[in-house]
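This report goes through a two-chain model, from a single residue up to whole chains. Please keep the sequence and the coordinates open while reading.

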Amino acid sequence: MEIIEEKQDMISIFKLNGRLDSNTSQGFEKKIFDAISVGSKNMIIDFNELDYISSAGLRVILKATKALNREEGKIMLCSMQDYVKEVFEIAGFDSFLPIVATMDDALKAF
Amino acid sequence: MPKKKYSFKLKSNLSELDKLCEQLEKFGQVLGLSKKCIFEINLALDELFTNIISYGFADDDEHVIEVTLTPQNETLCLCIEDDGVPFNPVAAKEPDLECTVEDCKIGGLGIHLIRNLMDEICYERCGDKNVLTLKKNISATEKG
């Protein structure tokens, strides 16, 4: 999986490309928590190029959300393919995670 | 639809998830399954495989996990076998999905996803093997 990290204003943007599973989730977790440790409080995860997610990927998103809540920060998820979004819905994560349709919608939330 | 069963072996390493994906895409194309259907089958087998690798083996030896896919008319039968410690994931407790973000626990989520994506799930201990059989109705999702 490829992860492109960008910064826009005070927001860390992570663009995921490929497959987020138990084999790739650790690398993603490290990137997110490295950003949090240097002071990132606002994050957008862009799912546009993500083809696949398993519960290992959900686990990282949940962990990051909890950490950002403690810092009084915020996380936004955007541009999910339908079947990736369905995994969040089945898991019940859509009830507490803000999932929006486009990157513009995500940026507007800050 | 070909009625032949299709089977492949994975080593006990998480990097084999890429092979699982390749094999399922190949099989799905031959059968004309939709992308969504291949995704769901991949997710169910990934969750089981990841569980086996994470908790299934008491030693550091290399083990073999065998996956068999059998089309039966409108149903696709998926079977995953390992020689790890006896473990019945079907008996796992359902997670609490009404929780807040702070209380939300990740345990049991994999099996919850499988229960939602598959139509049947059955565990058997056969000799020294765990045999997990999943069934998915593919009539509605075919050729999508």
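## Lys31(A)

Leaving aside residues up to four places away in sequence, Lys31(A) touches Ile3(A), Glu5(A) and Phe14(A); two residues are in contact if their C-beta atoms, placed from the backbone, lie within 7 Å. Lys31(A) belongs to helix 1 of chain A. Helices (H or I, at least four residues) and strands (E, at least two) are DSSP runs, numbered from the N terminus.

Is Lys31(A) buried, exposed or partly exposed? Lys31(A) has 15 other C-beta atoms within 10 Å, so it is partly exposed. The cut-offs, with C-beta atoms placed from the backbone, are 20 or more other C-beta atoms within 10 Å for buried, 12 or fewer for exposed, and in between for partly exposed. The C-alpha atom of Lys31(A) is separated by 14 Å from that of Ile11(A), 20 residues apart along the chain.

## Basis of the model

The model is predicted: local features need pLDDT of at least 70, side-chain atom pairs count only at pLDDT 80 or more, and totals for chains, interfaces and linings use all residues. Residues are numbered from 1 along each chain as its sequence is written, while chains are lettered from A and ligands numbered from 1 in the order in which they are written.

## Helix 1 of chain A

Helix 1 of chain A covers residues 25-37, which is 13 residues. From its first C-alpha to its last it reaches 18 Å, close to the 18 Å expected at 1.5 Å a residue; the expected span is 1.5 Å times one less than the number of residues.

The buried residues of this helix are Ser25(A), Phe28(A) and Ile32(A). They lie on the same side of helix 1 of chain A because they cover an arc of only 65° around the axis, the arc being that of the directions from the helix axis to the C-beta atoms. The buried residues pack against strand 1 (2-8), strand 2 (11-20) and helix 2 (55-70) of chain A. On the other side of helix 1, the exposed residues are Gln26(A), Lys30(A), Asp34(A) and Ser37(A). Just after the helix, Gly39(A) takes a positive phi of about 105°.

## Chain A as a whole

Chain A has four helices and five strands, in the order β-β-α-β-α-β-α-β-α from the N terminus on. Its radius of gyration is 12 Å, close to the 13 Å that the globule rule gives for 110 residues, so chain A is as compact as a globular protein of that length. The radius is taken over C-alpha atoms, and the globule rule is 2.2 Å times the number of residues to the power 0.38.

The C-alpha trace of chain A spans about 30 × 25 × 25 Å along its principal axes. Of its 110 residues, 37% count as buried. Among contacts in chain A between residues at least 6 apart in sequence, 71% join residues at least 24 apart.

## Chain B as a whole

Chain B contains three helices and five strands, running β-α-α-β-β-α-β-β from the N terminus on. With a radius of gyration of 15 Å, close to the 15 Å that the globule rule gives for 144 residues, chain B is as compact as a globular protein of that length.

Along its principal axes, the C-alpha trace of chain B spans about 45 × 40 × 25 Å. Buried residues make up 33% of the 144 residues.
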